[in-house]
Amino acid sequence: MKEEIFIGVAWPYANGSLHLGHIAGCYLPADIFARFCRMNNKNVLMVSGSDEHGTPITITAEKEKTTPKNIVDRYHQEHIENMEQFGISFDLFTRTTTENHKEVVQEIFKTLHKKNYIYRKSVEAYFCKNCNRFLPDRYIEGTCQNCYHENARGDQCDECGNIHDPQDLVEVKCKICGNSPEIRTSDHLFLALSKFEKKLKKWIEDKKYWKSSVFKFTKNWLNQGLHDRAITRDMTWGIDVPIKGFEDKRIYVWFDAVIGYLAASKEWSNNSDDSDKWIKWWKNNKSKHYYFLAKDNIPFHTLIWPSILMGYDDSLNLPYDVPANEYLKIKGEQFSKSKGFGVWVPEVLKKFDADSIRYYLSINMPENKDSNWSWNDFIIKNNDELVGTYGNFIHRVFTFSYKNFGKIPKRYNLDDLDKITLDKINKTSIELKKSLNKCNFKKGLRIAMNLAQHGNYYFDQKQPWNLIKSDEERCSTSLNICLSIVNALAVFMSPYLPFSSQKIWEMLGNTTNISDLNWDESISTLNVNYTLEKPKTLFDKLSIEEGMIEEDLFSNVDLRVAKVIDVKDHPDADKLLILQIDLGELGKRVIVAGIKKFYTKEEILGKNIIIVTNLKPAKIRGVQSNGMLLAASDSTGLVSLLNPDNSNPGSRIFIDGIKHNPDYILEFEKFKEIKMKVNEKQQIVYKNKILKSEKGPVFCDKNVKKGAIVS
RNA sequence: AGCGGGGUGGGGUAGCCAGGAGAUCCCGACGGGCCCAUAACCCGUAGAUCAGUGGUUCGAAUCCACUCCCCGCUACCA
C-alpha cells in the first residue's frame, strides 16, 4: 500500500515575475521533496497556482491601462512556463480565477456562515471618491501625529515607528491619486478565528517535530489569542460573496488563496478518470499533508487554514508539517517586487541551466536562517562543486570507459576498497533518505556530493590509466564500480538535478524516465555490456562576466584620491570642518567633514585622503558639501582617515575585478549599502577584496580595531 | 515597541532542543601527489578565546541571566 502525500506550495501572486527568492523559499524544496517521495513508494499530489485576486492587481492594471484579467493572464502564463523550465513537478498548477475555485471557495464560505463561524460587523475605512474605492492601509498616507513625518503609512510611521490606526493620521492622502479620502462605514464579514483557539491548541500539541521557528511562532500567536479577521473587501476584483447584502463586496485574497489547496485537488481529480480521487488525500488519516512556504506565510498555514478546514468539515486532513524556509536575500537585502530588487526567474533562465541554479539554491537554501544569493559564490560553487567534483567525476568515468572499453565493463573479483566503495553507495542511500524524509535538503545534497567525492578518491586510488596496461580485469572491475557510483548518483541527485540526472540515466543505456522509477531498485541496476555513446559534458563552467547580470554596487561609486589644500572650521558647528580639496583632473571643490574630534586642522592639511566624488551634494549645517571623505570608525569610537599613500590627486581608488561604472549622481541611501570594513592588516575590505590605489593597498591612517566600518 | 530567528577559523555553514575526548563540512590560503578527466581530481598543513559578560556544573558552542549587533514577523511581496 502506497502512502498518500499531499504537497501544497504557496500561491505566487500574479502581479509580477517570480524571483529566485520564491524558488529557493518554497518551489524548489517542495519539488525536491515531491520527486524524492514519488521515487520512494509514495503517492504524491502536489498542487499550487497563481493567486490572482486583490487590490494590487487592479492597481497594476490601471497603471498599465488594461484589465486585471490581462495582468493575471500574462503573469500566470509566465509562472507556468517558469515552473516548467525549472522542473518544478506540479501535478497541477492552476489559478484562483477558475470556475472550480470560485465554487469551492463559495461553498466553504457558505458552510462556515451557516455554522456561525462567519459573522457581520461594521467597520470604518477610508474611501477615495476620486478613485471610487475603499483604500487598503497600504494605499493611505498622511502626517504622523507623533513626529509630524509627512509620509506615514496607514498603519505605522516609517520615521518614528509609531503604530496607529489610519484614522489617527492628519491630512490623509490617497496614495494612488493624491486626493483626500473620507471615512465611511462599511459592513464586512469576519471569520471567527477565536472560536478555533481551543481546537488549534490541542492540534498543535504533538507538532514538536516542526521546525522550531515554525512551532514557536505558531504557539506564540495562539497564546496571544486569535483575533477574528475580516474576510471581505470593498472591491470588484475577486470572488463574489455568496451572502445576501454583500453583492458589492468580494472575498479577501488570503481567505480565497489558501482554499486553493483543496480546490486544486478537486480540479485535478476532475481532470482525471475519477472525480473522487482527491478524497484519497484529503479524507484519509494516513495521508500526510506538507505545506511549503516562506516564513511570512506561517500563520496562514498553521492557524488560519487549519481553522477553515476544521470549521468546514472536520474529516479533512490538517497539515502534517509546514517546513517553512527563511528568506533568500541579495546583498543582505530582501528581494522585493515593489523595489524591483532581485534576480528574476525569466532572465536567469535565459542565461543558465536550470540544474545549475537548482544546485546553488539547494546548497545555499535558507532552511534555518536567511541566506544570500551571490553571483560570485554561484559561479564558484557551480565551477568547483557542480562541474569540478560532480560533473567531472561522471565525465572522467564515462570518457575512460568509452575510450578503453566502449561499453559498460564487467565486474570481476572485489578487493577491500571495492567493497568499501559499494558499501558507501548503500550507506549514502540510507543517510540521504533519512535527511530527505526530514526535509533537510542542504544536508542531503552534501551527503550525495560526498559520494561523488569518494568516487574521485576511488578513481585516483585505483589508477585505471595504469591498470588498463597491467591488469585489464581489475581495471574493468574498477570502472564497473565507478559506473555503479555514477548510476547511484543519477538516482540520488534526481530530486535536486532532474535534468542532468535524466541525461546520465540515458547515457547508462536506460530509456525510462528516472523520476518514475523506484529508488532502491534503480541504484542497483547497471546495464553491463551496454555500448556507450561518446560522452558529452553535463555542465559548463561559468566565467565571472557571465555571472554579472547585475552590476556590483561598488561599480556605482566613484572614489578618488584628494589632496587637502585648505581647512577651516565650520562656522555653525563644533564637530565639522570645511575642507577644500584638490581632485586633480576633476578640479577643486569643497566638502564638509565630521572629523574635528579626531584630527586637528594642522594634521589634516596637505594630507592625501579618499573622497566619494559622485555623491549627491548635501547641505550640512548650511554649507554645501560636494562629496564625502572616507573614514573608518571602530567599536571604540576611534575614527581614522584612509591613506592612499602618495597617489596622485584625482587618481582612482578601485577593487580588482569590479568594473568602474559610476552613477552620475549617487544617492546617499545607495552608498550606504556598500559595506566596507577594516581587516587585521588595517586594509579596507569589500566583499573579501581589498581597496587599492595606484600605489597599492589602501591602509588606515591610524590603527583602528579590526572590523571597523568604513563610511 | 512586542514576538520570533540568528551571531561558530578569511567567506559560507553543521552541531545547540536530549551538556562530555581532537568543534563538522564546503570555498579560499599554503605544501605535496597524479595526469584518466571541463588546468579538472586526490592527499596533507595552517587558521576559531564557538558575539560579550556573569552564573549552573566535575565538565558548556550546547543550560540560565544580562548586554551588544544582524534579520524577519506583527503590518496584503516567496
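Modeller: What follows is a set of labels, each set against its cut-off. Keep in mind that this is a predicted model.

Biologist: Why is the pair of Phe90 and Phe93 called tilted?

Modeller: The structure holds 30 aromatic pairs, and Phe90 with Phe93 is one of them, with ring centres 5.2 Å apart and planes at 45 degrees. Centres have to lie within 6.5 Å for a pair; planes under 30 degrees apart would be stacked and over 60 edge-to-face.

Biologist: What makes Tyr117 and Phe196 a tilted pair?

Modeller: Their ring centres are 4.6 Å apart and the planes stand at 35 degrees, so the pair is tilted. Tyr117 and Phe196 are both buried.

Biologist: Why is the pair of Tyr117 and Phe196 said to tie parts of the chain together?

Modeller: Tyr117 is in the loop between α4 (99-114) and β4 (118-128), while Phe196 is in the loop between β9 (182-191) and α5 (197-204). These parts are 79 residues apart in sequence, so the pair ties them together.

Biologist: Which residues do ring pairs link into a cluster?

Modeller: The cluster consists of Phe6, Trp11, Tyr261, Trp282, Tyr291 and Trp305.

Biologist: What makes the charged end of Lys266 count as sitting over the ring of Trp278?

Modeller: The charged end is 4.6 Å from the ring centre of Trp278, and the distance limit is within 6 Å, with a further limit of within 35 degrees of the ring normal. Lys702 likewise lies over the face of Tyr599, 4.1 Å from the ring centre.

Biologist: How do you know that Cys26 and Cys700 are buried?

Modeller: Buried means under 20% relative accessible area. Cys26 has 6% relative accessibility, so Cys26 counts as buried. Cys700 has 10%, so the label holds there too.

Biologist: How many disulfides does the count give?

Modeller: The count is 0; a disulfide would need a pair of cysteine sulfur atoms within 2.5 Å.

Biologist: Why are β19 and β23 called edge strands?

Modeller: The open sheet has 5 strands in the order β19-β18-β17-β20-β23, with antiparallel pairing. β19 (588-593) and β23 (628-629) each have a single partner strand, so one side of each is left without a neighbour in the sheet.

Biologist: What makes β20 and β23 a pair?

Modeller: Pairing needs at least two bridges. β20 (residues 608-612) and β23 have 2 bridges, in the antiparallel sense. Ile611 has Leu629 in β23 as its bridge partner.

Key
Residues are numbered from 1 along each chain as its sequence is written. Chains are lettered from A and ligands numbered from 1 in the order in which they are written. This is a predicted model: local features need pLDDT of at least 70, side-chain atom pairs count only at pLDDT 80 or more; totals for chains, interfaces and linings use all residues. Side-chain values use heavy atoms; hydrogens and water are left out. Rings of Phe, Tyr and Trp (its six-membered ring) pair if their centres lie within 6.5 Å; planes under 30 degrees apart count as stacked, over 60 as edge-to-face and the rest as tilted. Helices (H or I, at least four residues) and strands (E, at least two) are DSSP runs, numbered from the N terminus. Buried means under 20% relative accessible area, exposed over 50%, partly exposed in between (1.4 Å probe, protein chains only).
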